[in-house]
Amino acid sequence: MKVLITGITGQDGAYLARLLIEKGYEVHGTVRRSSSVNTKRIDDILSKYEREGNLALHYSDLLDSASISSLINNIGPDEVYNLAAQSHVAVSFENPVYTTQVGTLGSVSILEAIRSSKKEMKYYQASSSEMYGGGSSEKLNEESKFIPKSPYAASKVFAHNMTTIYRESYGIHAVNGILFNHESPIRGETFVTRKITKAVGRISQGIQEKLTLGNLDAVRDWGYAGDFVEGMWAMMQHEEPSDWVLSTGKAHSVKDFLDKAFNIVGLDWSKYVETSETYYRPNEVDYLLGDYSKAKNKLGWEPKVQIDGLVEMMVENDIHEAKQEAVLLKEGLIEPTWEYPVIK
């Protein structure tokens, strides 16, 4: 079995690549050409499996439909997972054109390449809980209404709908995975959960003084990325292509996450955390809670890691990284920084 993963160097791509290699797949992934390609999240498997022919990276860009079509035709994958995106919601307000182009044109380019291919392929579209808008506290499922509140969410709604159109119009085995927030020790450091656990590690080692965040009352359904990629794969193996919600079914505020993270190192988060309007979104998504009943009943999927275990694994990882950073600081090999820069 061959698989193509767009966005393989991201959090989900890295976990999915590991899972599929373990299942015996030949994994191909796309990376955008740049002066420095960041493969940090997959370097361990890249060095091993690239030599064995089980993992290969290809330069491609979702905005170049010709390169996408050529890549898919040359590889001939059995499954395609479209995970590539500008995935930071706040950044999507600063870069709405690029975010929208990647989210919309990229998905259609892949779907068109699959439609015109002589080989039958399965397609996974990474949809998002952000599509719901978070205007109520009800549990959200596959039938809930989409009310996007950001360029990122709007682009995801378009890709979601196009996936459905191609499924119904051309009989493509195309699925939409509506994933609620999922985190891990390799989550990007500008996302709120990792920003918190990174700060906990650094504060515990005396190399950071304060943490600045935005809306502490925002509520999310946080799960573990490693569990969620198993759900992605299960969706693709189901006989009938469909739309699927993956979540934990439990809601927690940013304050809850802070409390759990700082408690691990015995600190009171309120003494270290400040808020700034700089980190507020122009259009806040207040509450997101998922109902994964369909995935549980039809796929047999359930989250294994709950929030306490998730926070613990992230904090432990970032304490370890902070200790390494402290050594480098002591030896004068790096300069001290107290807070992440605000990127406008």
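In this predicted model, the axes of helix α5 and helix α6 (residues 151-170) come within 8 Å of each other and cross at roughly 15 degrees, where helices are DSSP runs of H or I with at least four residues, strands are runs of E with at least two, and both are numbered from the N terminus. The axes are lines fitted to C-alpha atoms, for helices over the stretch in contact, and the angles run from 0 to 180 degrees between N-to-C directions. The value makes α5 roughly parallel to α6, given that angles under 35 degrees count as roughly parallel, over 145 as roughly antiparallel, 65 to 115 as roughly perpendicular and the rest as oblique. The crossing of α5 and α6 is right-handed, a term used when the near helix is turned clockwise from the far one by less than a right angle, anticlockwise being left-handed. On the side of α5, the contact (heavy atoms within 4.5 Å) includes P96, T99, G103, S107, L111, E112 and R115, and on the side of α6 the residues that take part include P151, Y152, F158, M162, Y166 and Y170. By class, 10 nonpolar, seven polar and two charged residues make up the contact of α5 with α6, with Ala, Val, Leu, Ile, Met, Phe, Trp, Tyr, Cys and Pro counted as nonpolar, Asp, Glu, Lys and Arg as charged, and the others, Gly among them, as polar.

Residues are numbered from 1 along each chain as its sequence is written. Local features need pLDDT of at least 70 and side-chain atom pairs count only at pLDDT 80 or more, while totals for chains, interfaces and linings use all residues, and side-chain values use heavy atoms, with hydrogens and water left out.

The structure holds 16 salt bridges, each defined as a side-chain nitrogen of Lys or Arg within 4 Å of a carboxyl oxygen of Asp or Glu. Within helix α5, R115 and E112 lie three residues apart, about one turn of the helix, and form a salt bridge whose closest N and O atoms are 2.7 Å apart. Both are partly exposed, R115 with a relative accessible area of 38% and E112 with 29% (buried means under 20%, exposed over 50% and partly exposed in between, for a 1.4 Å probe and protein chains only).

Another salt bridge joins D78 and K119, with the closest N and O atoms 3.4 Å apart. Because D78 lies in the loop between α3 (65-75) and β4 (79-82) and K119 in the loop between α5 (96-116) and β5 (122-128), this pair ties together parts that are 41 residues apart in sequence. The side chains of K260 and D308 also meet in a salt bridge, at 2.7 Å from N to O; K260 lies in helix α9 (residues 254-264) and D308 in helix α11 (residues 307-330), so the pair ties together parts that are 48 residues apart in sequence. K260 is partly exposed at 24% relative accessibility, and D308 is likewise partly exposed at 48%.

T193, which lies in helix α7 (residues 192-204), counts as buried at 1% relative accessibility. Leaving aside neighbours within four places in sequence, T193 is in contact with E183, R187, W222, F257 and M314. H238, in the loop between α8 (225-237) and β11 (243-246), is partly exposed, with a relative accessible area of 21%.
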